Amino acid sequence: MTLGELKPNKAGIVIKIEGQGVIKRRLFDMGITPGTKIAVRKMAPLGDPMEIELRGYVMGIRKEEANKIIIEEVSL
């Protein structure tokens, strides 16, 4: 499943990042790397952007980018 499919108040572990180039590098620079636990906190009314929590901080991410992050769902 992808991070974009994860519902609010659910969490997952990053398995891999699809894509290449600038977007993949940007996600890595934000701390989204394989093995990282990510929780979805909120979603905008239309689902884009979404608010996620990882590594002790909260940030917003666009649905397009979230769909490139392959995760395995885990419990909070």
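A residue is regarded as buried when its relative accessible area is under 20%. By this criterion, 36% of the 76 residues of the protein chain are buried in the predicted model.

The secondary structure of the protein chain consists of two helices and five strands, arranged along the sequence in the pattern β-α-β-β-β-α-β. The protein chain is as compact as a globular protein of its length, because its radius of gyration of 11 Å is close to the 11 Å that the globule rule gives for 76 residues. Along the principal axes, the C-alpha atoms occupy a box of roughly 30 × 25 × 25 Å. When contacts between residues at least 6 apart in sequence are considered, 61% join residues at least 24 apart.

Strands S3 (residues 50-54) and S4 (residues 57-61) run antiparallel and are joined by five bridges. Leu-54 has Tyr-57 in S4 as its bridge partner. The two strands S3 and S4 form a hairpin, with two residues between them. In the turn of this hairpin, Arg-55 adopts a positive phi of about 50°. In a regular strand, side chains alternate between the two faces of the sheet.

Notes
Residues numbered from 1 in each chain as written. Predicted model: local features only at pLDDT ≥ 70, side-chain atom pairs only at ≥ 80, totals over all residues. Heavy atoms only, no water. Pairing = 2+ DSSP bridges. Helix = DSSP H or I, 4+ residues; strand = E, 2+ residues; numbered from the N terminus. Rg over C-alpha atoms; globule rule 2.2 N^0.38 Å. Buried < 20%, exposed > 50% of the residue type's maximum accessible area, 1.4 Å probe, protein only. Contact = heavy atoms within 4.5 Å.
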